[in-house]
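Subject: Structure for your review

Dear colleague,

Please find the structure below, followed by notes on what was found in it. I would be glad if you could read the notes with the coordinates open beside them.

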Amino acid sequence: MSFRPLHDRVLVRRVTAEEKSAGGIIIPDTAKEKPQEGEVVAAGSGTINDKGDLRPLDVKAGDRILFGKWSGTEVKLNGEELLIMKESDILGIVEKTTMAKAA
């Protein structure tokens with residue numbers, strides 16, 4: 001089964017949280033918070049502005065994003081827990097940076 005979000009909605013897979021703290025302490029499942037970072041699985045076509053033009057979304061499938069703690073609606077597709085949220089619920093895109101060393 002495939003799923004395509006409509007308009008300005010985005011389908012997101014949560015990124016798993018770290019098992020250990022920065023100090024090396026193992027965090028039990030009961031103390032973990034739901035991650036606020038995810039990967040865009042699918043994105044809608046965009047919204048229509050006042051002039052009737054289609055404004056595409058800023059995110060695309062494969063983007064790593066940050067979103068609010070209570071953002072989105074949890075759904076289960078093909079046995080996998082996913083989130084559907086509006087583009088406005090997305091706080092930003094996490095971009096990978098590569099640090100090049102000067103030779």
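In the hairpin of β6 and β7, which has two residues between the strands, Asn78 adopts a positive phi near 55°. The strands concerned are β6, residues 73-77, and β7, residues 80-86, which pair in the antiparallel sense over five bridges, where pairing requires that DSSP finds at least two bridges between the two strands. Within this pair, Glu74 stands opposite Leu83 in β7.

Please keep in mind that this is a predicted model, in which local features need pLDDT of at least 70 and side-chain atom pairs count only at pLDDT 80 or more, while totals for chains, interfaces and linings use all residues. Residues are numbered from 1 along each chain as its sequence is written, and side-chain values use heavy atoms, with hydrogens and water left out.

As for the overall make-up, the protein has zero helices and eight strands, where helices (H or I, at least four residues) and strands (E, at least two) are DSSP runs numbered from the N terminus. Of the 103 residues in the protein, 25% are buried, a term that stands for under 20% relative accessible area, with exposed meaning over 50% and partly exposed in between (1.4 Å probe, protein chains only). The protein exposes about 7900 Å², of which carbon and sulfur atoms supply 53%; accessible areas come from the Shrake-Rupley method with a 1.4 Å probe, and for residues only the protein chains shown count as cover. Among contacts (heavy atoms within 4.5 Å) with a separation of 6 or more, 62% are accounted for by residues 24 or more positions apart.

Two residues deserve a separate note. Ile65 belongs to strand β5, residues 64-67, and counts as buried because its relative accessible area is 0%. Leaving aside neighbours within four places in sequence, Ile65 is in contact with several residues, including Val12, Gln36, Val59, Ile90 and Val94. Ile65 and Glu95, 30 residues apart in sequence, are 8.7 Å apart in space, C-alpha to C-alpha.

Asp63, in turn, is found in the loop between β4 (54-55) and β5, and is classed as buried because its relative accessibility is 11%. A polar atom of the Asp63 side chain lies 3.0 Å from the backbone nitrogen of Lys60. Not counting residues up to four places away in sequence, Asp63 touches Gly38, Glu39, Val40, Asp58 and Ile93.

With kind regards

Definitions and conventions:
Polar contact = N/O pair within 3.5 Å; in protein donor to acceptor, adjacent residues only side chain to side chain.
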